[in-house]
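Hi,

Here is the structure I promised to pass on. Have a look at it first, and then read my notes below.

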Amino acid sequence: MRIICKRDRYRYIRLPLRFINRQFKIDHNTNFCIDTGAPYSLVTYEQAIEWNILLAQLTPTPGPHSVGGIECPGYYLENSVMLFRDSKGKLHPVAVNNIVVLGSPFKQPYKPVPPLLGDDILRQFTLIVKSDRHGGDIILTDEDIHINFPSSH
Amino acid sequence: MATQLSDAQINKELEQYENDLSWVLENYASLIQKYGNEFVAVLNEGVLTHAKTIQQLKKKLDSEFKQDGHRAVIEFIYPEHPNFVLLHAHNMQA
């Protein structure tokens, strides 16, 4: 499969997907920001409100989370599924056993941060970011990509 | 899965969502002019509604748009580069 991502105005990479969770009856289209530097993925506080996630029913994470200049408590949401839609229109389910949901930021007011698709999910795929002179496409794929490097001596 | 829709219906909705997200990204400059620092809900390549907070937006969507609101692209419109940096977590266990 090959999934084509989009760049926004500020060059953050967006991946549209459907997020499904049975516990909270979540079945929503949304988009996550691809963040290869993030060790784990995040659902934002705004998504939690949009999707009626009752944070009090979730297990808190051991510590707070600092992302994009804001600090918030976190909670584990279990047993979710992300549905990716590939360039041929085929759906691909990805099990998300545990994802962190951010709670209300400690300091108000604040600027919302985007939901992050981090290494816990990205490590299942290969991310190709083409240079601007080669079209600038950003592709997430489960194909085995071979690049031959010259051997070093 | 929690979804009650068929794969074909989900596919159609996701395709529409992708088109609407593209519309948001392509029209971001004009969205900044009208809705900078606000949340917008976009459906069928147009703004359905907007609000200062996500709570206000959700209230509007739930009361006025119901299923349409459910399918909309929800975005916060950053008037300038948000300069997000790395994710840091304290005491997190993988």
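Before the interface, one term: two residues are in contact if their C-beta atoms, placed from the backbone, lie within 7 Å. A word on conventions too: residues are numbered from 1 along each chain as its sequence is written, while chains are lettered from A and ligands numbered from 1 in the order in which they are written. Keep in mind that this is a predicted model, where local features need pLDDT of at least 70 and side-chain atom pairs count only at pLDDT 80 or more, though totals for chains, interfaces and linings use all residues.

**Where the chains meet**

By that contact rule, 39 residues of chain A touch 32 residues of chain B. On the chain A side, the elements that give two or more residues are strands E3 (13–21), E4 (26–34), E7 (65–67) and E9 (74–85), plus helix H1 (45–50). (Helices, H or I with at least four residues, and strands, E with at least two, are DSSP runs numbered from the N terminus.) E3(A) gives the most to this side, with five residues. By type, the residues on the chain A side split into 15 nonpolar, 11 polar and 13 charged. Here Ala, Val, Leu, Ile, Met, Phe, Trp, Tyr, Cys and Pro count as nonpolar, Asp, Glu, Lys and Arg as charged, and the others, Gly among them, as polar.

**Chain B**

Chain B has four helices and four strands, and along the sequence they follow the pattern α-α-β-β-α-α-β-β. Of its 94 residues, 23% count as buried. A residue is buried if 20 or more other C-beta atoms lie within 10 Å of its own, exposed if 12 or fewer, and partly exposed in between, with C-beta atoms placed from the backbone.

Take helix H1 (residues 7–26) of chain B. B:Leu14, B:Tyr17, B:Asp20, B:Leu21 and B:Val24 are buried in H1(B). Those buried residues fall within an arc of 125° seen down the axis of H1(B), so they line one face of the helix. (The arc is that of the directions from the helix axis to the C-beta atoms.)

Helix H3 (residues 54–65) of chain B buries B:Leu57, B:Lys58 and B:Leu61. These sit within an arc of 100° when you look down the axis of H3(B), so they too line one face of the helix. On the other side of H3(B), B:Lys59, B:Ser63 and B:Glu64 are exposed. What do the buried residues of H3(B) pack against? They pack against H1 of chain A, together with strands E1 (39–43), E2 (46–51) and E3 (73–76) and helix H4 (67–71) of chain B.

**The cores**

A nonpolar core is a set of buried Ala, Val, Leu, Ile, Met, Phe, Trp, Tyr and Cys residues joined through C-beta atoms within 7 Å. The largest one has 33 residues, and those with the most contacts inside it include A:Leu15, A:Phe32 and A:Leu102. E9(A) gives the most to this core, with five residues. A second, separate core of 16 residues includes B:Tyr17, B:Phe39, B:Leu57 and B:Ala72.

**Strand pairing around E9(A)**

Two strands pair if DSSP finds at least two bridges between them. E9(A) runs antiparallel to E3(A), with four bridges, and A:Ile20 has A:Val81 of E9(A) as its bridge partner. E9(A) and E10(A) are also antiparallel, joined by 11 bridges; A:Phe84 stands opposite A:His92 in E10(A). The hairpin of E9(A) and E10(A) has five residues between the strands, and in it A:Gly89 takes a positive phi near 85°.

Most residues other than glycine have a negative phi, and most peptide bonds are trans. A:Lys25 has a positive phi of about 55°; its place is in the loop between E3 and E4 of chain A. B:Asn37 has a positive phi near 65°. A cis peptide bond joins A:Gln108 and A:Pro109, with omega about -10°, and A:Pro109 is in the loop between E10 and E11 of chain A.

Over to you!
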